[in-house]
Amino acid sequence: MGGNRFNGSIPSSIGRLRGLKLLNLSYNSISGEIPHELGQLEELQELSLAGNKISGGIPNSLGNLLKLNQIDLSRNKLVGEIPISFGNLQNLLYMDLSSNQLNGSIPMEILNLPTLSNVLNLSMNFLSGSIPQVGRLVSVASIDFSSNKLYGGIPSSFSNCLSLEKIVFWPGISCQVPFQRLFGNVKGLETLDLSSNQLSGTIPIELQNLHVLKLLNLSYNDLEGAIPSGGVFQNLTAVHLDGNRKLCLHFPCMPHGHGRRNHSKTRQCKSIDPQLLSLIFHDDPSEGPNPQLYCLDAIVGVAISCTADNPDDALALEMLYAN
(Lines give C-alpha, C1' and ligand atoms only; values in the text may rest on other atoms or scores of the structure.)
Protein backbone atom coordinates (compact mmCIF):
# COMPACT_ATOMS: atom_id res chain seq x y z
CA MET A 1 0.00 0.00 0.00
CA GLY A 2 2.98 2.25 -0.40
CA GLY A 3 3.02 5.27 -2.69
CA ASN A 4 -0.66 6.09 -2.49
CA ARG A 5 -2.55 9.02 -0.98
CA PHE A 6 -3.61 7.50 2.31
CA ASN A 7 -3.96 9.94 5.15
CA GLY A 8 -5.07 9.79 8.75
CA SER A 9 -3.37 7.69 11.40
CA ILE A 10 -2.55 4.01 11.75
CA PRO A 11 -5.38 2.44 13.76
CA SER A 12 -4.56 0.54 16.93
CA SER A 13 -6.73 -2.29 15.64
CA ILE A 14 -3.90 -3.20 13.26
CA GLY A 15 -2.54 -5.29 16.11
CA ARG A 16 -5.25 -7.86 15.42
CA LEU A 17 -3.63 -8.87 12.11
CA ARG A 18 -1.49 -11.45 13.86
CA GLY A 19 -0.54 -13.31 10.68
CA LEU A 20 0.67 -10.21 8.81
CA LYS A 21 4.19 -10.62 7.39
CA LEU A 22 4.62 -7.39 5.42
CA LEU A 23 3.34 -3.90 6.21
CA ASN A 24 4.27 -1.23 3.68
CA LEU A 25 2.57 2.14 4.17
CA SER A 26 5.50 4.18 2.90
CA TYR A 27 5.20 7.44 0.97
CA ASN A 28 1.65 8.31 1.85
CA SER A 29 0.36 11.18 3.99
CA ILE A 30 -0.09 9.23 7.21
CA SER A 31 0.15 11.27 10.41
CA GLY A 32 -0.21 10.60 14.10
CA GLU A 33 1.93 8.22 16.12
CA ILE A 34 3.03 4.64 15.62
CA PRO A 35 0.60 2.55 17.69
CA HIS A 36 2.30 0.31 20.22
CA GLU A 37 -0.07 -2.44 19.06
CA LEU A 38 2.22 -2.92 16.05
CA GLY A 39 4.42 -4.86 18.43
CA GLN A 40 1.78 -7.58 18.52
CA LEU A 41 2.40 -8.57 14.89
CA GLU A 42 4.78 -11.35 15.81
CA GLU A 43 4.94 -12.77 12.27
CA LEU A 44 5.92 -9.43 10.70
CA GLN A 45 9.09 -9.59 8.59
CA GLU A 46 9.06 -6.18 6.89
CA LEU A 47 7.86 -2.86 8.26
CA SER A 48 8.08 0.25 6.05
CA LEU A 49 6.50 3.52 7.15
CA ALA A 50 8.97 5.82 5.35
CA GLY A 51 8.04 9.14 3.80
CA ASN A 52 5.02 10.03 5.88
CA LYS A 53 4.22 12.62 8.56
CA ILE A 54 4.36 10.27 11.52
CA SER A 55 5.30 11.95 14.80
CA GLY A 56 5.92 10.92 18.38
CA GLY A 57 8.37 8.33 19.61
CA ILE A 58 9.26 4.87 18.36
CA PRO A 59 7.37 2.37 20.56
CA ASN A 60 9.50 -0.01 22.62
CA SER A 61 7.02 -2.71 21.60
CA LEU A 62 8.59 -2.88 18.12
CA GLY A 63 11.38 -4.79 19.80
CA ASN A 64 8.91 -7.70 20.09
CA LEU A 65 8.94 -8.23 16.31
CA LEU A 66 11.51 -10.99 16.52
CA LYS A 67 11.03 -12.14 12.93
CA LEU A 68 11.55 -8.67 11.49
CA ASN A 69 14.30 -8.48 8.85
CA GLN A 70 13.67 -4.96 7.52
CA ILE A 71 12.53 -1.76 9.24
CA ASP A 72 12.31 1.60 7.46
CA LEU A 73 10.94 4.54 9.45
CA SER A 74 12.89 7.20 7.54
CA ARG A 75 11.62 10.62 6.42
CA ASN A 76 9.10 11.18 9.17
CA LYS A 77 8.91 13.44 12.23
CA LEU A 78 9.82 10.90 14.87
CA VAL A 79 11.34 12.16 18.12
CA GLY A 80 12.88 10.65 21.21
CA GLU A 81 15.52 7.98 21.54
CA ILE A 82 16.12 4.83 19.54
CA PRO A 83 14.65 2.01 21.66
CA ILE A 84 17.22 -0.32 23.18
CA SER A 85 14.61 -3.03 22.61
CA PHE A 86 15.79 -3.02 18.98
CA GLY A 87 18.60 -5.17 20.29
CA ASN A 88 16.06 -8.02 20.34
CA LEU A 89 15.72 -7.95 16.55
CA GLN A 90 18.17 -10.76 15.96
CA ASN A 91 16.96 -11.42 12.39
CA LEU A 92 17.23 -7.83 11.20
CA LEU A 93 19.05 -7.24 7.90
CA TYR A 94 18.15 -3.60 7.19
CA MET A 95 17.49 -0.58 9.43
CA ASP A 96 16.79 2.96 8.18
CA LEU A 97 15.78 5.58 10.74
CA SER A 98 17.20 8.54 8.82
CA SER A 99 15.66 12.00 8.34
CA ASN A 100 13.78 12.21 11.60
CA GLN A 101 14.31 14.16 14.82
CA LEU A 102 15.66 11.37 16.98
CA ASN A 103 17.97 12.30 19.83
CA GLY A 104 20.04 10.63 22.51
CA SER A 105 22.97 8.34 21.87
CA ILE A 106 23.34 5.43 19.44
CA PRO A 107 22.35 2.34 21.45
CA MET A 108 25.11 -0.20 21.71
CA GLU A 109 22.43 -2.86 21.30
CA ILE A 110 21.86 -2.12 17.59
CA LEU A 111 25.60 -2.36 16.93
CA ASN A 112 25.51 -5.89 18.31
CA LEU A 113 23.03 -7.25 15.77
CA PRO A 114 24.99 -10.02 14.02
CA THR A 115 22.55 -10.36 11.12
CA LEU A 116 22.43 -6.67 10.16
CA SER A 117 24.16 -7.04 6.82
CA ASN A 118 22.59 -4.54 4.41
CA VAL A 119 22.05 -1.01 5.72
CA LEU A 120 22.31 0.86 9.00
CA ASN A 121 21.24 4.45 8.29
CA LEU A 122 20.82 6.83 11.22
CA SER A 123 21.67 10.00 9.30
CA MET A 124 19.96 13.39 9.55
CA ASN A 125 18.80 13.19 13.14
CA PHE A 126 19.92 14.84 16.38
CA LEU A 127 21.83 11.89 17.77
CA SER A 128 24.67 12.88 20.10
CA GLY A 129 27.51 11.37 22.07
CA SER A 130 30.30 9.15 20.85
CA ILE A 131 30.08 6.21 18.46
CA PRO A 132 30.09 2.94 20.40
CA GLN A 133 32.11 -0.10 19.40
CA VAL A 134 30.48 -2.11 16.61
CA GLY A 135 30.45 -5.32 18.62
CA ARG A 136 29.09 -8.15 16.47
CA LEU A 137 28.00 -5.85 13.63
CA VAL A 138 30.70 -7.12 11.28
CA SER A 139 28.71 -8.03 8.14
CA VAL A 140 26.98 -4.71 7.41
CA ALA A 141 27.49 -3.27 3.91
CA SER A 142 26.50 0.37 4.49
CA ILE A 143 26.76 2.63 7.56
CA ASP A 144 25.59 6.26 7.48
CA PHE A 145 25.77 8.32 10.68
CA SER A 146 26.06 11.68 8.91
CA SER A 147 24.38 14.95 9.88
CA ASN A 148 24.02 14.26 13.58
CA LYS A 149 25.74 15.73 16.64
CA LEU A 150 28.19 12.91 17.18
CA TYR A 151 31.72 13.61 18.36
CA GLY A 152 34.92 11.81 19.28
CA GLY A 153 36.74 9.07 17.45
CA ILE A 154 35.85 6.25 15.12
CA PRO A 155 36.23 3.09 17.23
CA SER A 156 38.95 0.73 16.10
CA SER A 157 36.43 -2.13 15.98
CA PHE A 158 35.13 -0.73 12.66
CA SER A 159 38.19 -2.34 11.09
CA ASN A 160 36.43 -5.68 11.66
CA CYS A 161 33.59 -4.72 9.30
CA LEU A 162 35.22 -6.29 6.26
CA SER A 163 32.00 -6.34 4.22
CA LEU A 164 31.57 -2.56 4.26
CA GLU A 165 30.89 -0.92 0.91
CA LYS A 166 29.81 2.52 2.12
CA ILE A 167 30.82 4.59 5.17
CA VAL A 168 29.52 8.12 5.81
CA PHE A 169 30.54 9.86 9.05
CA TRP A 170 30.22 13.64 9.40
CA PRO A 171 30.48 16.10 11.04
CA GLY A 172 32.58 16.26 14.23
CA ILE A 173 34.33 12.88 14.07
CA SER A 174 38.02 12.52 14.75
CA CYS A 175 40.25 9.49 14.52
CA GLN A 176 41.52 7.76 17.65
CA VAL A 177 43.78 5.57 15.50
CA PRO A 178 45.24 6.20 12.02
CA PHE A 179 42.36 5.60 9.67
CA GLN A 180 44.41 3.39 7.36
CA ARG A 181 44.14 0.86 10.20
CA LEU A 182 40.38 1.42 10.27
CA PHE A 183 39.63 1.03 6.58
CA GLY A 184 42.80 -0.21 4.89
CA ASN A 185 41.63 -3.83 4.96
CA VAL A 186 38.04 -3.15 3.89
CA LYS A 187 38.76 -4.17 0.30
CA GLY A 188 35.17 -3.92 -0.94
CA LEU A 189 34.74 -0.29 0.13
CA GLU A 190 33.12 1.79 -2.63
CA THR A 191 32.24 5.01 -0.74
CA LEU A 192 34.18 6.62 2.10
CA ASP A 193 32.88 10.00 3.25
CA LEU A 194 34.64 11.48 6.28
CA SER A 195 34.11 15.10 5.27
CA SER A 196 33.68 18.01 7.69
CA ASN A 197 35.32 16.24 10.60
CA GLN A 198 38.49 16.79 12.59
CA LEU A 199 40.81 14.36 10.84
CA SER A 200 44.45 15.38 10.98
CA GLY A 201 47.78 14.08 9.73
CA THR A 202 48.53 12.79 6.27
CA ILE A 203 46.26 10.94 3.83
CA PRO A 204 47.07 7.25 4.29
CA ILE A 205 48.74 5.87 1.19
CA GLU A 206 46.92 2.59 1.89
CA LEU A 207 43.71 4.17 0.59
CA GLN A 208 45.05 3.90 -2.94
CA ASN A 209 45.02 0.12 -2.50
CA LEU A 210 41.21 0.09 -2.16
CA HIS A 211 40.72 -0.75 -5.81
CA VAL A 212 36.92 -0.61 -5.93
CA LEU A 213 36.71 2.75 -4.15
CA LYS A 214 34.55 5.03 -6.32
CA LEU A 215 34.07 8.03 -4.01
CA LEU A 216 36.49 9.40 -1.43
CA ASN A 217 35.41 12.56 0.37
CA LEU A 218 37.90 13.89 2.90
CA SER A 219 37.01 17.55 2.42
CA TYR A 220 37.01 20.11 5.23
CA ASN A 221 39.34 18.41 7.66
CA ASP A 222 42.86 19.32 8.77
CA LEU A 223 44.83 16.93 6.60
CA GLU A 224 48.34 17.81 5.48
CA GLY A 225 51.24 16.54 3.40
CA ALA A 226 51.40 14.99 -0.03
CA ILE A 227 48.37 13.64 -1.86
CA PRO A 228 48.80 9.99 -2.96
CA SER A 229 48.86 9.48 -6.71
CA GLY A 230 47.64 5.90 -7.22
CA GLY A 231 44.32 4.11 -7.10
CA VAL A 232 41.28 6.31 -6.66
CA PHE A 233 43.51 9.40 -6.59
CA GLN A 234 44.05 8.99 -10.34
CA ASN A 235 40.37 9.84 -10.87
CA LEU A 236 40.05 13.37 -9.52
CA THR A 237 36.29 13.46 -10.07
CA ALA A 238 36.04 10.74 -7.41
CA VAL A 239 38.22 12.49 -4.80
CA HIS A 240 37.10 15.51 -2.76
CA LEU A 241 39.79 17.28 -0.72
CA ASP A 242 38.37 20.80 -0.47
CA GLY A 243 39.11 22.73 2.70
CA ASN A 244 42.37 20.96 3.60
CA ARG A 245 44.72 23.90 3.26
CA LYS A 246 47.86 21.99 4.21
CA LEU A 247 47.68 19.40 1.44
CA CYS A 248 50.20 19.54 -1.35
CA LEU A 249 51.34 17.82 -4.50
CA HIS A 250 54.76 16.32 -5.09
CA PHE A 251 55.97 18.88 -7.64
CA PRO A 252 57.16 22.46 -6.90
CA CYS A 253 54.91 25.42 -7.59
CA MET A 254 56.81 26.09 -10.79
CA PRO A 255 59.16 23.51 -12.36
CA HIS A 256 62.77 24.48 -11.89
CA GLY A 257 64.57 25.76 -14.97
CA HIS A 258 61.74 26.89 -17.25
CA GLY A 259 62.65 30.40 -18.35
CA ARG A 260 61.17 33.24 -16.38
CA ARG A 261 59.38 30.75 -14.18
CA ASN A 262 62.70 29.67 -12.64
CA HIS A 263 61.90 29.74 -8.94
CA SER A 264 63.69 28.13 -6.03
CA LYS A 265 63.11 24.44 -5.44
CA THR A 266 62.42 25.32 -1.83
CA ARG A 267 59.11 26.84 -2.82
CA GLN A 268 56.79 23.87 -2.43
CA CYS A 269 53.05 23.83 -2.93
CA LYS A 270 52.06 23.40 0.67
CA SER A 271 48.65 24.95 0.09
CA ILE A 272 46.62 24.58 -3.08
CA ASP A 273 43.14 25.84 -3.76
CA PRO A 274 41.20 22.54 -3.81
CA GLN A 275 38.78 23.86 -6.43
CA LEU A 276 41.73 24.08 -8.82
CA LEU A 277 43.17 20.73 -7.78
CA SER A 278 41.72 18.86 -10.73
CA LEU A 279 43.29 21.40 -13.11
CA ILE A 280 46.81 21.35 -11.74
CA PHE A 281 47.28 17.77 -10.59
CA HIS A 282 50.34 16.36 -12.29
CA ASP A 283 51.26 12.77 -11.47
CA ASP A 284 54.75 12.62 -13.01
CA PRO A 285 56.95 15.71 -12.86
CA SER A 286 59.43 14.11 -15.32
CA GLU A 287 56.88 14.61 -18.11
CA GLY A 288 57.45 18.34 -17.96
CA PRO A 289 55.33 21.29 -16.91
CA ASN A 290 51.60 21.08 -16.87
CA PRO A 291 50.38 23.62 -19.44
CA GLN A 292 47.04 23.92 -17.67
CA LEU A 293 48.84 25.46 -14.70
CA TYR A 294 50.34 28.21 -16.83
CA CYS A 295 47.08 29.00 -18.60
CA LEU A 296 44.96 29.36 -15.50
CA ASP A 297 45.19 33.14 -15.24
CA ALA A 298 44.54 33.63 -18.95
CA ILE A 299 41.57 31.29 -19.02
CA VAL A 300 39.69 32.00 -15.82
CA GLY A 301 41.45 35.06 -14.44
CA VAL A 302 42.04 33.59 -11.05
CA ALA A 303 45.05 33.27 -8.77
CA ILE A 304 46.57 30.27 -7.15
CA SER A 305 48.64 30.62 -4.01
CA CYS A 306 51.72 28.60 -3.20
CA THR A 307 53.01 29.02 0.32
CA ALA A 308 56.78 29.11 0.59
CA ASP A 309 58.85 28.12 3.59
CA ASN A 310 57.39 31.11 5.39
CA PRO A 311 53.60 30.61 5.51
CA ASP A 312 53.12 34.37 5.17
CA ASP A 313 55.05 34.44 1.89
CA ALA A 314 52.14 33.84 -0.48
CA LEU A 315 52.83 34.03 -4.19
CA ALA A 316 49.89 34.96 -6.35
CA LEU A 317 49.82 33.65 -9.89
CA GLU A 318 50.31 37.16 -11.23
CA MET A 319 53.57 37.40 -9.27
CA LEU A 320 54.80 34.13 -10.74
CA TYR A 321 54.32 35.61 -14.20
CA ALA A 322 56.15 38.83 -13.32
CA ASN A 323 59.70 39.51 -14.47
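Contact here means heavy atoms within 4.5 Å. This is a predicted model, in which local features need pLDDT of at least 70 and side-chain atom pairs count only at pLDDT 80 or more, while totals for chains, interfaces and linings use all residues. Residues are numbered from 1 along each chain as its sequence is written, and side-chain values use heavy atoms, with hydrogens and water left out.

Q: How many strands are there in the protein?
A: Helices (H or I, at least four residues) and strands (E, at least two) are DSSP runs, numbered from the N terminus. Helices number four in the protein. The strand count is 24.

Q: Which residue is the bridge partner of leucine 47 in E6?
A: Strand E4 (residues 46–48) pairs with strand E6 (residues 70–72) in the parallel sense, over three bridges. In E6, leucine 47 is partnered by isoleucine 71.

Q: Which residue in E9 stands opposite glycine 80?
A: Strand E7 (residues 77–80) has parallel links to two strands: two bridges join strand E5 (residues 55–56) to E7, and two join E7 to strand E9 (residues 101–102). On the E9 side, the residue opposite glycine 80 is leucine 102.

Q: Which residues touch the most other members of the largest nonpolar core?
A: A nonpolar core is a set of buried Ala, Val, Leu, Ile, Met, Phe, Trp, Tyr and Cys residues joined through side-chain atoms within 4.5 Å. Nonpolar side chains tend to be buried together in soluble globular proteins. The largest core in this model has 69 residues. Those touching the most other members are Leu47, Leu73, Phe86, Met95, Leu120 and Phe145.

Q: Which residues is leucine 73 in contact with, leaving aside its neighbours within four places in sequence?
A: Leucine 73 is one of the residues that touch the most other members of the largest nonpolar core. With those sequence neighbours set aside, its contacts are Ile34, Leu47, Leu49, Ala50, Ile58, Leu62, Leu78, Asp96, Leu97 and Asn100.

Q: What percentage of the residues of the protein count as buried?
A: Buried means under 20% relative accessible area, exposed over 50% and partly exposed in between (1.4 Å probe, protein chains only). Of the 323 residues, the buried share is 48%.

Q: How many aromatic pairs does the structure hold?
A: Rings of Phe, Tyr and Trp (its six-membered ring) pair if their centres lie within 6.5 Å; planes under 30 degrees apart count as stacked, over 60 as edge-to-face and the rest as tilted. By that count, the number of aromatic pairs is two.

Q: What is the angle between the planes of phenylalanine 145 and phenylalanine 169?
A: The ring centres of phenylalanine 145 and phenylalanine 169 are 5.3 Å apart. The two residues lie in loops, one between strand E12 (142–144) and strand E13 (149–150) and the other between strand E15 (166–168) and strand E16 (173–174), so the pair ties together parts 24 residues apart in sequence. The pair is stacked because the planes are at 15°.

Q: Which residues form the aromatic cluster?
A: Phenylalanine 158 and phenylalanine 169 make an edge-to-face pair, with 5.5 Å centre to centre and 90° between the planes. Phenylalanine 158 is buried at 0% relative accessible area, and phenylalanine 169 is buried at 1%. Phenylalanine 145 is buried too, at 2%. The one cluster consists of Phe145, Phe158 and Phe169.

Q: Is serine 146 buried or exposed?
A: Serine 146 is found in the loop between E12 and E13. Not counting residues up to four places away in sequence, serine 146 touches Ser123, Met124, Val168 and Trp170. With a relative accessible area of 5%, serine 146 is buried.

Q: What is the phi of methionine 124?
A: Methionine 124 is found in the loop between strand E10 (119–121) and strand E11 (128–129). Methionine 124 is partly exposed, with a relative accessible area of 47%. Although methionine 124 is not a glycine, its phi is positive, at about 55°.

How values were computed
Pairing = 2+ DSSP bridges.
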